[in-house]
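Hi everyone, thanks for coming. Please have a look at the screen, and then I will walk you through the fold piece by piece.

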Amino acid sequence: MQPAPSIAPALSIANVSKTYASGFAALKDINLDIRRGEIFALLGPNGAGKTTLISIVCGIVNRSTGTVSVEGHDISSDYRAARSLIGLVPQELTVEAFETVRSALAYSRGLFGKPADPAFIDKVLKELSLWDKRDAKIITLSGGMKRRVMIGKALAHEPQILFLDEPTAGVDVELRKDMWAMVRRLRDKGVTIILTTHYIEEAEEMADRVGVINHGEIVLVEDKTELMRKLGRKELRLELRSPISAVPQALAHYDLELSQDGATLTYIYDDQAERPGVASLMRDLDSAEIAFRDLETRKSSLEEIFVNLVRNEP
């Protein structure tokens with residue numbers, strides 16, 4: 001049987017580096033493939049290289065080494081075709097103050113050589129809850145509304161890949177919910193979404209895969225569920241019926257943490273079976289005649305995993 005043909009990535013980044021004239025290496029040999037139709041979250045602390053990488057793909061910053069292709073189009077030799085497939089929502093609010101909302105979107109569509117399509121522009125305005133503001137000058141809008149306009153401008157030419165660089169920074173909760181609902185709809189239509197965010201709970205909820213970048217290098221790329229399975233810790237807290245002064249020697253191999261008042265035991269474990277499991281602990285607690293009145297478990301969040309990864313980087 002012939003093997004199934006591999007599906008080419010929507011975006012392929014190979015051996016990309018960026019060193020500025022000052023000698024600062026913002027990116028170091030980045031290799032990353034983004035799958036078609038996925039939501040990919042790129043996480044990293046400030047200055048890690050997230051925006052530099054996005055700017056290179058979008059043709060705003062020149063790379064020092066490496067190649068980038070968008071749906072098979074090289075961003076240098078076939079720049080116009082590659083760029084036409086990309087929508088970018090940058091961190092900064094860069095809109096013409098005295099332009100109307102509708103004309104801003106229509107102008108952005110025309111910049112990419114797309115024929116006028118008022119019906120499509122109206123659809124985008126409605127999806128972004130901008131319909132009531134369609135004839136308003138942008139200078140009169142709130143910061144949240146201006147952010148919606150930025151997204152509308154990025155969507156006006158119907159891109160296949162959408163970059164969202166900190167898209168919900170400084171916007172209210174209601175707008176964030178609206179935007180993420182819109183992102184899901186776009187993904188369902190086959191649009192590839194690459195986002196950077198400080199709101200890691202959003203990446204945890206939305207992303208299919210997660211990449212972590214630090215000091216200009218990719219630390220890891222992993223399916224979100226697999227990342228949390230492999231690196232996420234689970235915590236079991238046992239509230240004891242009677243306080244104890246110390247953990248019995250027979251339980252030493254569990255590395256239990258005893259609270260200062262002796263009333264709570266905490267056990268950290270994972271899914272890799274490298275440490276004894278909970279069932280074993282329960283049996284051994286019973287053998288040691290340690291009874292508990294209540295227990296609770298919790299899983300580490302994506303934020304905790306991210307912080308630990310970055311903290312462990314040299």
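When I say helix or strand, I mean a DSSP run, H or I of at least four residues for helices and E of at least two for strands, numbered from the N terminus.

Please keep in mind that this is a predicted model, in which local features need pLDDT of at least 70, side-chain atom pairs count only at pLDDT 80 or more, and totals for chains, interfaces and linings use all residues. Residues are numbered from 1 along each chain as its sequence is written, and side-chain values use heavy atoms, with hydrogens and water left out.

First, the overview. The protein chain has 10 helices and 14 strands. Of its 314 residues, 42% are buried, where buried means under 20% relative accessible area, exposed over 50%, and partly exposed in between, with a 1.4 Å probe and protein chains only. If we take the contacts with a separation of 6 or more, 68% of them come from residues 24 or more positions apart.

Now the sheets. Two strands pair if DSSP finds at least two bridges between them. In which order do the six strands of the open sheet with mixed pairing come? The order is E6-E7-E8-E3-E9-E10. At its edges are strand E6 (86–89) and strand E10 (217–223), and each pairs on one side only. On average, neighbouring strands here are turned by 15° against each other, direction ignored.

Let us zoom in on strand E3. Is E3 enclosed or open to the outside? Five of its five residues are buried, so E3 is largely enclosed by the rest of the structure. Ile-39, Ala-41 and Leu-43 point one way, while Phe-40 and Leu-42 point the other way. Strand E3 (residues 39–43) pairs with strand E8 (residues 192–196) in the parallel sense, over four bridges. Within that pair, Ala-41 has Leu-195 of E8 as its bridge partner, and Phe-40 stands opposite Ile-194 in E8. E3 is also joined to E9 by four bridges, again running parallel, and there Leu-43 stands opposite Val-212.

There is another open sheet, made of four strands in the order E2-E1-E4-E5, with antiparallel pairing. Strand E2 (25–34) and strand E5 (73–74) stand at the edges with a single partner strand each, so one side of each has no neighbour in the sheet. Strand E4 (residues 65–70) and E5 run antiparallel and are joined by two bridges. The bridge partner of Val-70 in E5 is His-73. Helix H1 packs on this sheet, touching strand E1 (11–19), E2 and E4, and its direction makes about 115° with that of E1. For angles like this one, axes are lines fitted to C-alpha atoms, for helices over the stretch in contact, and the angles run from 0 to 180 degrees between N-to-C directions.

Helix H4 (residues 118–127) has as its buried residues Phe-120, Ile-121, Asp-122, Val-124 and Leu-125. These pack against helix H3 (101–111) and helix H5 (143–155). After H4 comes Ser-129, with a positive phi near 55°.

How do H3 and H4 meet? They pack at an angle of about 125°, with their axes 10 Å apart. That makes H3 oblique to H4; angles under 35 degrees count as roughly parallel, over 145 as roughly antiparallel, 65 to 115 as roughly perpendicular and the rest as oblique. On the H3 side, the contact has Val-101, Arg-102, Leu-105, Ala-106 and Arg-109, and they meet Phe-120, Ile-121, Asp-122, Val-124 and Leu-125 of H4. Sorted by type, the residues of this contact are seven nonpolar, no polar and three charged. Here Ala, Val, Leu, Ile, Met, Phe, Trp, Tyr, Cys and Pro count as nonpolar, Asp, Glu, Lys and Arg as charged, and the others, Gly among them, as polar.

Finally, H3 and H5 pack at an angle of about 30°, with their axes 8 Å apart. That makes H3 roughly parallel to H5. The contact involves Val-101, Ala-104, Leu-105 and Ser-108 of H3 with Val-149, Gly-152 and Lys-153 of H5. H5 also lies across E6 and E7, running at about 170° to E6.

How values were computed: Contact means heavy atoms within 4.5 Å.
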